[in-house]
Amino acid sequence: MKKVCFLSVVLFFMFTCFSKAQVSSNDYQPDGISDLSNDKAADHVLLNSAAFNSPAFFNVKKTATIFSGATDHFRSVQTGDWGAITTWETSPDGGITPWTAATLTPTSAANIIQIRNGHTVTVNTNENMDQVIIENGGLLLHIANTLTVNDGIGDDIIVQSGGIFTLASNSNGPQFSPVTATANINTGGMLRLSASGLTAAGTGVHASNYIYQNVSILEYTLNLIFSTDGVTFFPNANATTIPVFRITDNIGIVGALSTTTINGLFEANGNITFQNAGTKIFRNGIIGTGNVNGATSGKFIINGATASFGGSGLLTLPITDGMDIGTTTTITMLSNKSIIGNIALLSNALVILGTNNLTITGNINGGSATSHIVTNSTGKLEINNIAGATPRIFPIGANTTTINPLAIFNGDGLNYGARVEIGLNPGIAFPVSAVNRTWVVRPSATPAGTVNVNFFYINGDGNALFAYFPATVELGFNTGVWNVINTGLTQTGNFEVLGTVNTLFAANTDAPLVIANLGAILANSNSVLVDYFSGIKQNNDHVLNWKLTCSSSPFVNTELERSTDGRNYKSITGINATALRCQQPFSYTDAGPATGTNYYRLKMTDADGKVLYSTVVVLIHANNGFEFVNISPNPVVGGSFDLKVSTAKNTQLQIIITDMQGRVLQQRTVSTIAGFNSIPINVTKLAAGTYQIYGITAHERSKVLRFVVQ
């Protein structure tokens, strides 16, 4: 009787003390009680007393609760609060023993704590932690009270690629205790700053406790200003580690009298203004969709060994100090970028365009063979608003060790993009006698007059038979075929050629340009020469007349081509003439000219397949109107040039020459025929410089052409 009573007491005690526990296993065996008491997966076992007293006791399933240990591994099972057990599941060995629902929350005593993909774990009560891993797609959010990071094995918080650690408690960042505890933001991981008061120099997110890896992200989501007075972002990032400081909202005015340094890449996806005299160092460049305005700031500097430009946001540089691209800095363009202000290239500073355009309203200074804009693909350096007689320099080179600048002036206030490549593209007739470069220029609109373009090269840039100074050269312009637009140009002793481009420039169209010795662009012999090529208007017909010399070739195939835009030509007739036939003039009547302006040229192919193009004759199919076509030669050498004019009918034309301020220097009246006219102009009384010429009839005024007297 005493034994029975004792057993009843034991069973009652088990039932009342362990009523939460259940065991689920195979059919219960009497000798399994002692085994369960040693199972690491269960602290206690409770047997329902009613079931225990049942005759079927030994045939029922047994159930048990597995209690979490403080030193277990923890991982999130859903979004929730850190202090809620429903947020977690645990395993004593990280998953060798199956994960089960947590019965307590993790602390710094725990083993590894994982915040998994798709889960947001929120800290709004006092918590301490260690060995926390924020996985891809996981988020740890600190919004209130104290988050204490203890120092354990390795880094104490690890933000993996795609993971986010958000600080959202104003002036209340994580407490690192002891001070050696660390939070490591891995490549692609993010420390998101959604609280104020955490960006002062050396504290908050700039404290040494934060370790930023290459391409880790510090994201600032507020529209409030952040600290800049003597502040260094990413103070421990070495030269090859490039984290990203990203802003996502519009921010007011920041900047101080002391230096602000970002030891990484600044990504502005909101508008921001920097002011005050302190230098602003963006070590590894500026990108983003937001506008960065530093007009009233101290100097901007980019001085990392590698840096980037990109993003649709406008970058406005300090008006007084501009931007330095530092010694041995190479900037790679990630996309098109527009900049207002002046840039100085220091020693060995390069900007590599690739397929992207760098647009600048200002000047780029300091170009050299090792400091320039590298046009290694289709991208161009574009300089805006080129007007007046002051040359704007394009310090461009086809690779990192060569530079072949352009200088453009008298550009009619247009924007010009330019690049240079090594080689002649398309090929010319005799490339061995040319500078081995192709300059490509693209204006934003068709200029009203002549544009001055100067070409720079060095000894060695010419191909094997290219004759340097004092030999004269010609300028080729490609419109689908090569045209010689300036001939007899003088090279200077410092390897510079001053050329001009007139009506061939077309809006937003690439114009390849080359420099070569005389005869190299269109033909490598004088097998075919054009003695003259002219045109007149007879009623509604256009009559073209020409004469060739082709005694050096047994025959020549001549095509008369017509264009309505001066660029795209189509053949309207062809003549295959022997050398004997070439001794006689040729004539063709175009009975169906296009309405408006018609451009004509001759394409001549000799017996060896060499191709030569004539100059262009312009005729106007209209009742009224006239057009100044071009000036030849330009620059003017010897005090005279021919003015090419096309008129729709016989007319009296007043020709006026002015200086660049519009003061009239010369004027005369000439009679023109209905057709293409070549009018000799004497300018021997004009000093060296740049001038303008235009014409007036009783009914209209021509466009203005510019010319240079040497």
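This is a predicted model: local features need pLDDT of at least 70, side-chain atom pairs count only at pLDDT 80 or more; totals for chains, interfaces and linings use all residues.
Local features need pLDDT of at least 70, side-chain atom pairs count only at pLDDT 80 or more, and totals for chains, interfaces and linings use all residues. Residues are numbered from 1 along each chain as its sequence is written, and side-chain values use heavy atoms, without hydrogens and water.

View 1. Strand 58 spans residues 640–647, and six of its eight residues are buried (under 20% relative accessible area, 1.4 Å probe, protein chains only). Strands are DSSP runs of E, at least two residues, numbered from the N terminus. Strand 57 (residues 626–632) runs antiparallel to strand 58, joined by six bridges; pairing needs at least two DSSP bridges. S632 stands opposite D642. Eight bridges join strand 58 to strand 61 (residues 675–682), also antiparallel. Here T647 faces G675.

**View 2. The N284 site.** N284 sits in the loop between strand 24 (280–282) and strand 25 (285–287). Its relative accessible area is 1%, so N284 is buried. A polar atom of its side chain lies 2.7 Å from the backbone oxygen of T306.

**View 3. The E89–R116 salt bridge.** The closest N and O atoms of E89 and R116 are 3.5 Å apart (salt bridge: Lys or Arg side-chain nitrogen within 4 Å of an Asp or Glu carboxyl oxygen). E89 lies in strand 3 and R116 in the loop between strands 5 and 6, so the pair ties together parts 27 residues apart in sequence.

**View 4. A salt-bridge network.** R192, E219, R246 and E267 are linked by salt bridges. Between R246 and E219, the closest N and O atoms are 3.2 Å apart. Both R246 and E219 are buried.

How values were computed
Buried means under 20% relative accessible area, exposed over 50%, partly exposed in between (1.4 Å probe, protein chains only). Helices (H or I, at least four residues) and strands (E, at least two) are DSSP runs, numbered from the N terminus. A polar contact is a pair of N or O atoms within 3.5 Å; within protein, one must be able to donate a hydrogen and the other to accept it, and residues adjacent in sequence count only if both atoms are side-chain atoms.
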